[in-house]
Amino acid sequence: MEPLELDYYRLDRLALKFRDGISGMQSGKRLTSKYGSSLEFADYRPYLPGDDPRRIDWLLFGRSRRLYTRLNRSEVDATVNFLVDNSKSMNWGEPDKGRRALELVLALSYLSLRALDRIAIGFGAKELESYLPPLHWKGAFPRVLHFLQSRSFSGEGDLNLLLLSFHRNLRPQQMAVVVSDFLSPGGYQEGLRRLLFARQEILVLHVACPEELEPEQRGPLTLVDVETGRKKDLEMNPWLLQRYRRTLESYCREIESFCRQRGINYLFYNSRQDPVDFLLEKAHLLFKRQ
């Protein structure tokens, strides 16, 4: 595989957004719903014996003649867990879906490490096959790059089983990013439900290639399932092509609807688009500007 390369200069303008309620292990840049010692004001409560007198709001005391303690929100490092479907169907297309998936994960890992978050990366087809344990600080980026650069895509996939295997590595109130083409006969619903049960903020990146979206083949064809080797002969005509498009659109809408109804962030990605361009285009949904 050619070296993975990105336009990091343009990525530097972005930082991942998290919903309230994340948890972490050390101080960082993420504001949580927990009270702490950061400068970000959260609320007041009546002063209690033993409270730090330095947290008393004397301006409020001057107006109300009552003592109140300022509560600030803790700043912690978040944990972002990436899961990449490395079944053989991802190793197809131009540009290749698998390579684009690696580039997306690399870009998001770069942003997370720069924000002092922790990241972990898992790969698998039916179960978690390779795993990079949580890493911290920007100095870990070369290790992330090496890990991603050495990945390959093969085997028959089952996204449900993969997600069920992956969730065992997660802790509550973290973020899970799932990157897949969702070409899994076994489904995906139960696996995503399990991630929700594990109290994850979930981002789904649904990857497809131009050949899947707009097939150019016409006439008699033999289709071969790249994962199972099964074959099917057919005649590709305008009627069948139209039916294929309707089925594909319906399936994508089904995945998006499933995610939206459960508060899961869903983004569809055409591998024709440069991954940095894609992330910048979706900045209003995923990122805050630096």
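Tutor: Start with Pro-95, which sits in the loop between β4 (79-85) and α3 (97-114). Helices are DSSP runs of H or I with at least four residues, strands runs of E with at least two, both numbered from the N terminus. The model is predicted, so local features need pLDDT of at least 70 and side-chain atom pairs 80 or more, while totals for chains, interfaces and linings use all residues. Numbering runs from 1 along each chain as its sequence is written, and side-chain values use heavy atoms, without hydrogens and water.

Student: What makes the peptide bond from Glu-94 to Pro-95 cis?

Tutor: Its omega is near 0°.

Student: What makes β6 and β11 edge strands?

Tutor: The open sheet of 6 strands runs β6-β5-β4-β7-β8-β11, with mixed pairing. β6 (128-135) and β11 (265-270) each pair on one side only.

Student: How do you know that β5 and β6 pair?

Tutor: Two strands pair if DSSP finds at least two bridges between them. β5 (residues 118-124) and β6 share 5 bridges, in the antiparallel sense. Ile-119 has Leu-135 of β6 as its bridge partner.

Student: Which strands does α4 touch?

Tutor: α4 (residues 141-149) packs on the sheet and touches β5 and β6; contact means heavy atoms within 4.5 Å. Helix α8 also packs on the sheet, touching β8 and β11.

Student: Why is the open space called a pocket?

Tutor: On a 1 Å grid over the protein atoms alone, a pocket is an open set of points for a 1.4 Å probe, with protein on both sides within 12 Å along at least five of seven lines; lining residues have an atom within 4 Å of a point. The largest pocket has a volume of about 1,400 Å³, the space filled by probe spheres set on the points, which are joined across faces, edges and corners. Of its 40 lining residues, the closest to the centre are Leu-183, Leu-223, Val-224, Asp-225 and Tyr-244.

Student: Which element supplies the largest share of the lining?

Tutor: α8, with 7 residues.

Note on methods. Axes are lines fitted to C-alpha atoms, for helices over the stretch in contact, and angles run from 0 to 180 degrees between N-to-C directions.
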